[in-house]
2 protein chains.
Amino acid sequence: MNFREEQARKVAEIEKALARFLPKPRGYQKTVLEAMEYSLMAGGKRLRPMLAWETYRMLGGTGNVIWPFAAALEMIHTYSLVHDDLPAMDDDEYRRGRKTTHVVYGEAMGILAGDALLNYAFETAASAFDMEGEDVRAIGRAMQVLAAKAGVFGMIGGQAVDVESSGKIIDEEKLDFIYRLKTGALIECAMMMGAILAGASGEEVSAVETIATKVGAAFQIQDDILDVTGAAEVLGKPTHSDEKNEKTTYVTYKGLDAARSEVERLSREAVERLRELKPADPFLEELILSLIKREK
Amino acid sequence: MNFREEQARKVAEIEKALARFLPKPRGYQKTVLEAMEYSLMAGGKRLRPMLAWETYRMLGGTGNVIWPFAAALEMIHTYSLVHDDLPAMDDDEYRRGRKTTHVVYGEAMGILAGDALLNYAFETAASAFDMEGEDVRAIGRAMQVLAAKAGVFGMIGGQAVDVESSGKIIDEEKLDFIYRLKTGALIECAMMMGAILAGASGEEVSAVETIATKVGAAFQIQDDILDVTGAAEVLGKPTHSDEKNEKTTYVTYKGLDAARSEVERLSREAVERLRELKPADPFLEELILSLIKREK
């Protein structure tokens, strides 16, 4: 099986897990449950759960305890997109080639569906406490990392600074801060939770965090490149949205060529560090390197 | 010390705990941290943390493990108000006599500060895993109850159905459903977490849930009564908002007199059940009965 086939197979397995954890739309609150499902099952690369799962596996994890956390992470990523798309935020009508959640279900339901996904992420992760034979302390530690990396000193903090910086010239330090938090934090979270739940040592978890920081930065810079050079029909969303929202990005700051070599440098460094940690994990290496070549 | 004095002393202690858990506004994400603080430290009855604490104490809890959960609950209650006040939701400009969060910080920051408070609630609760000598399984179970009661089968579910029912005639079953979830769920959560963390049996936790359901219903009906009869300057928010939003409430459905006797009946039943569980807890009993007489 080549990398693309294996990736597709893994995406399908992740989607099955997501569907399993997601409550079925029913009863009085059917609409909000539908809106959650519409948002979560909209396709996508499923990069974060995949990184969680692969890191768990690479470091010797063989159980199912990674699944509630991998699913939780995708729910958090999804809610952040749902709220990001709201009229008061980026005001986007399309995402992954489909109408955004608030366009389909109305703005109030968009806010509530986002809240519900964020909350349900923790509900899903907390279901791990019912799993027999798992290390309760590791589950508790993974919950702490999930909450910290998604929160005001993680993803939300990055979003808040990003929103405030819109239309303003920002320096490189602040840009790095936004990138590290807005996109990097959840990628760090994915790989760290994988390591923690696999029973990795504190040192290994730190090494994994460093790798993930590089992957996250590479991923965000590639996003900025695609916003300028990508095709809307491939991306499934409008391009030049950063220009529209007057955002300083790595590309506006350094230019396309410097951005491209930065993505390449960061991805290669991440792979080298990975090899120091655990020799030869071809799928995870290819996954990280594929971030350079992606077109969406 | 009479009840009012004791209540004021306990509110002060809860506010100190909230301030301790809340991160200080600093760094790049200072604004969102300020908006979180503005929202959380706006006063209020602190009923949910007080019920959590009192139930914990009543059932023999003597440690500090209740505090991260009591604080988490108030953060969740607060984020739900912040999002409820947004223009796309109830569109309220005042709350507790002060401008609402989105009016002060803008709509985007209002959305993000709400998200941040919800997320920080779980971050705060998860900090309990670091407390020495506490029962990790009970903490895990309390996390599950917190997530479930705040989520789509709890508070958010009730809000979603409430939003959809605005301007529509709804039957009594649906009204009960909305009340039980929108307001009742967090009150059930408070008392159940208190019981779980105090080491109560499953049977005791169930008994506590039943009591809390009655307290929650009484509380919500009193809210509806005050929306009709209360003074805006005492409540700190505009009255007649249910009428403005075309909401069916217990009062529009049954009339003021029936609503008043229902609050009285539910509160007295809750106190009776409480006495069956644990004889004579004067403060908790008075707290529940004070809900009948409250003017805000």
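At what angle do helix α4 and helix α6 of chain A pack, and how far apart are their axes? The angle between helix α4 (residues 66–84) and helix α6 (residues 107–126) of chain A is about 165°, and the axes are 8 Å apart. Helices here are DSSP runs of H or I, at least four residues, numbered from the N terminus. Axes are lines fitted to C-alpha atoms over the stretch in contact, with angles from 0 to 180 degrees between N-to-C directions. α4(A) and α6(A) are therefore roughly antiparallel, a term for angles over 145 degrees.

A note on the source: this is a predicted model, where local features need pLDDT of at least 70, side-chain atom pairs count only at pLDDT 80 or more, and totals for chains, interfaces and linings use all residues. Residues are numbered from 1 along each chain as its sequence is written, while chains are lettered from A and ligands numbered from 1 in the order in which they are written.

Now the two chains. In chain B, 44 residues are in contact with 44 residues of chain A, contact meaning C-beta atoms, placed from the backbone, within 7 Å. On the side of chain B that touches chain A, α6(B) gives the largest share, 13 residues. Of the interface residues of chain B, 100% are also interface residues in chain A, so the copies meet through the same surface.

Key. Contact = placed C-beta atoms within 7 Å. Helix = DSSP H or I, 4+ residues; strand = E, 2+ residues; numbered from the N terminus. Parallel < 35°, antiparallel > 145°, perpendicular 65-115°, else oblique.
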